[in-house]
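Dear colleague,

Please find below the structure that I am handing over to you. My findings follow directly after it.

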Amino acid sequence: MTTPDPAAYWNGEGGKRWADGHAHMDATLAVFGTALLRAAAPQPGERCVDIGCGTGATTLELARRTGAQVVGVDVSQLLVELARTKLTVLSQPEVEFVVADAATFPFEPVHDVVFSRFGVMFFPDPVAAFTNIRRALAPDGRLTFGCWRSIADNAWAAGPLAAARPLLPEVAPPDPHAPGPFAFADDARVRDLLTRAGWRDIGFERFDATMDLGATVAEATAETLRIGPLARAAAELPADVRAAIAGRVADALASFEAGGRVAPPASIWLVTAR
């Protein structure tokens with residue numbers, strides 16, 4: 001359930017699965033992006049960096065709000081190529097997409113805002129990464145990112161995993177701080193990491209919403225087996241086992257079906273710093 005080699009994962013099967021469903025994922029994560037943009041409050045004329053930009057949805061929105069230069073950075077060549085295709089139909093010449101690791105990219109200290117929607121939990125050395133990212137900012141620049149709170153606070157991930165557990169291979173309990181989606185669940189740890197990396201005025205705001213997985217239980221089940229912790233845990237299992245897992249997950253997700261959507265609870269941290 002962790003991602004020990006983020007670049008390999010996002011340039012491999014993980015990136016391909018995300019790319020295949022990127023429109024749905026952008027819609028699913030839009031509520032969190034909106035909350036993060038509120039926290040970041042980008043102003044007209046402010047230059048921004050979008051860490052882990054994926055296919056560029058938040059990058060383009062930052063550019064729309066600021067009218068200034070925005071650089072989207074992601075380790076996935078596949079996702080960045082998709083992001084670049086959007087520039088062929090949109091008139092936003094101030095946007096640039098770069099395939100790079102934000103932990104080591106030679107940023108210039110000219111940006112007002114560093115922003116990330118779920119793109120910073122995968123660094124093998126978070127202190128080194130956030131130290132490097134800090135170099136992207138001009139004096140008084142600011143950081144805003146979103147990260148998942150604990151898996152127990154995120155039924156969209158915990159429910160399917162619990163349902164599938166009897167059919168998953170037995171593995172040692174993962175290191176909760178290893179690179180992965182829930183690596184920054186502990187706010188005290190994240191505060192310490194940022195402090196050691198030279199950040200100040202660090203703040204955390206809990207934001208609760210729902211994770212819209214689809215219009216039907218079948219669609220939501222397919223989504224949990226395509227993206228997320230269960231998808232990684234079950235990726236290489238035989239087809240018959242995956243089918244049995246799908247049945248269990250469908251039963252677990254049925255209780256979250258309402259109003260024509262399947263939307264389990266989700267919870268994140270909105271993290272800010274200077």
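I begin with Phe118, which is buried, with a relative accessible area of 11%; the cut-off for buried is under 20%. Please bear in mind that this is a predicted model. Phe118 lies in the loop between β4 (111-117) and α6 (126-134). Its backbone deserves attention, as Phe118 has a positive phi of about 65° without being a glycine. Most residues other than glycine have a negative phi.

Ala41 is a further non-glycine residue with a positive phi, here about 50°. This residue is found in the loop that links α3 (22-40) to β1. Is Ala41 buried or partly exposed? Its relative accessible area is 32%, which makes Ala41 partly exposed.

Which strands pair with β2? One partner is β1 (residues 48-51), which runs parallel to β2 and is joined to it by four bridges. Within this pairing, Asp50 stands opposite Gly72 of β2. Between β1 and β2 the chain passes through helix α4 (residues 57-66), and this β-α-β crossover is right-handed.

Another partner is β3 (residues 95-99), which pairs with β2 in the parallel sense over five bridges. Here Val71 is placed opposite Glu96 of β3. Together with helix α5 (residues 77-87), β2 and β3 form a β-α-β unit that is right-handed.

Finally, I draw your attention to helix α7, which spans residues 155-164. This helix is mostly covered, with seven of its ten residues buried. The buried residues are Ala155, Trp156, Ala157, Pro160, Leu161, Ala163 and Ala164. An α-helix has 3.6 residues a turn, so residues three or four places apart point the same way. Against which elements do the buried residues of α7 pack? They pack against the strands β5 (137-148) and β9 (265-273), and against the helices α9 (217-224), α10 (229-234) and α11 (239-253).

With kind regards

Note on methods
Residues are numbered from 1 along each chain as its sequence is written. This is a predicted model: local features need pLDDT of at least 70, side-chain atom pairs count only at pLDDT 80 or more; totals for chains, interfaces and linings use all residues. Side-chain values use heavy atoms; hydrogens and water are left out. Two strands pair if DSSP finds at least two bridges between them. Helices (H or I, at least four residues) and strands (E, at least two) are DSSP runs, numbered from the N terminus. A crossover is right-handed if, with the strands pointing away from the viewer, the path from the first strand over the helix to the second runs clockwise. Buried means under 20% relative accessible area, exposed over 50%, partly exposed in between (1.4 Å probe, protein chains only). Contact means heavy atoms within 4.5 Å.
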